[in-house]
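Please keep the structure open while reading.

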Amino acid sequence: MRNVLDIQKQLLPDLMDVLKKRYTILHQIMLSDVIGRRTLATSLDMTERVLRAETDLLKAQGLIEIENIGMRISDAGRKLLEGLEPIVNELFGLSNLEEKIRQHYGLRKVVIVPGDCETSPMVKRELGRAGAKALLGAMCGNDVVAVTGGTTLAEVADQLNPSQGVTMKQSWFVPARGGLGESLEIQANTIASGMAKRVGAGYRLLHVPDLLGKEAYESLVHDPNIQDIVNMIRQARIVVHGIGDAMEMARRRKLEQTVVEDIRNEGALAESFGYYFNEDGIVVHKMLTLGLRLEDIRKTETVIGIAGGKTKARAIHSVLRFGHEDILVTDEAAAEEIVSRLE
């Protein structure tokens, strides 16, 4: 396939540009469910006149439907996009980035979506869709899946759509840790229950704060009900987690300033599942909390990290250096920044 694309790029460079443009339009319409022409033109930085010509062609080909409320993708358009994915990965140069990252960090699989999720909500949604696809591909129908919180994992939950008729009644979704006290929609409990409902699985919840004092920890750790759910979390076959900037996560956890300074002085770049990692992937700070521990991560069969955005590149690199990720789902901006640091 790569040889054919290379030949086409040399002989028909204009054709490649047209393919990329029409793919991007169709893809954005799919991610939006329903979108108006003006909104789409703005998001693609394209004039309405040019976009109208392209969408008229896509409609004539039966790939989109145009209604009073806006444009939506047709079943034929959705199938075309699915078939184009491997070609587009080559066309955008994503396959090469995926392989470089996979080999350098020894990962099982790397999935990169076009764009930068920090500048485009559409890319964030596509990151969620790719994460959901990776999760479904890893599940075997009789799993315990532990998930963390955050906006990216919430997007994964929203995009989790199993094949028609497929249910996972024997699987369970659980939160990897307690709650941060933020918006309910991005709490691990909410995400775990939302994922479970979408695939027809069961779920258990952990109703404790993520950050505990020593006395509270000692009290809760011996509670039989808490012990039961924590034991289930620590037996998860699959862990799905986001990756955060260390200082940002310290702020969100409302840590004392002295602790924040300690984390900064220790060189922490990333936070994930309650642990802070430096550039070499070494844990430099950990929280006193219930839920997943490092020893649980080390023996988990499949660990899926999902994060994107150029500014997250150093944090993603830090967690990958920890060495226990199996699948990474990220975006083009983060991937390019990571690879630039490797060269």
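The points below are grouped by topic, after a short note on the model.

This is a predicted model, in which local features need pLDDT of at least 70 and side-chain atom pairs count only at pLDDT 80 or more, while totals for chains, interfaces and linings use all residues. Residues are numbered from 1 along each chain as its sequence is written, and side-chain values use heavy atoms, with hydrogens and water left out.

**The seven-stranded sheet**

- Seven strands form an open sheet with parallel pairing, in the order E3-E13-E12-E7-E4-E5-E6, where strands (E, at least two residues) and helices (H or I, at least four) are DSSP runs numbered from the N terminus, and two strands pair if DSSP finds at least two bridges between them.
- Its edges are strand E3 (109-113) and strand E6 (202-203), each of which pairs on one side only.
- Strand E12 (residues 302-306) is joined to strand E13 (residues 327-331) by three bridges in the parallel sense, and Ile304 has Ile327 in E13 as its bridge partner.
- Helix H7 (residues 121-138) lies across E3, E4, E5, E7, E12 and E13 and runs at about 165° to E13; contact here means heavy atoms within 4.5 Å, and angles run from 0 to 180 degrees between N-to-C directions of axes fitted to C-alpha atoms, for helices over the stretch in contact.

**The four-stranded sheet**

- A four-stranded open sheet has the order E8-E9-E10-E11 with antiparallel pairing, and its edge strands are E8 (244-245) and E11 (283-286), each pairing on one side only.
- Two bridges pair E8 with strand E9 (residues 270-272) in the antiparallel sense, and Gly244 has Glu271 in E9 as its bridge partner.
- Helix H15 (residues 313-322) lies across E8, E9 and strand E10 (275-277), at about 60° to E9.

**The hairpin**

- Strands E1 (residues 64-67) and E2 (residues 70-73) run antiparallel and are joined by four bridges, forming a hairpin with two residues between them.
- Within this pair, Glu65 stands opposite Arg72 in E2.

**The largest pocket**

- The largest pocket holds about 700 Å³ of space, a pocket being an open set of points on a 1 Å grid over the protein atoms alone where a 1.4 Å probe fits, with protein on both sides within 12 Å along at least five of seven lines; the volume is the space filled by probe spheres set on the points, which are joined across faces, edges and corners.
- Its lining comprises 22 residues, of which Arg78, Glu82, Arg129, Gln159 and Asn161 lie nearest the centre, and lining residues have an atom within 4 Å of a point.
- Helix H2 (13-32), helix H5 (75-91) and H7 each give two or more residues to this lining, with the largest share, five residues, coming from H7.
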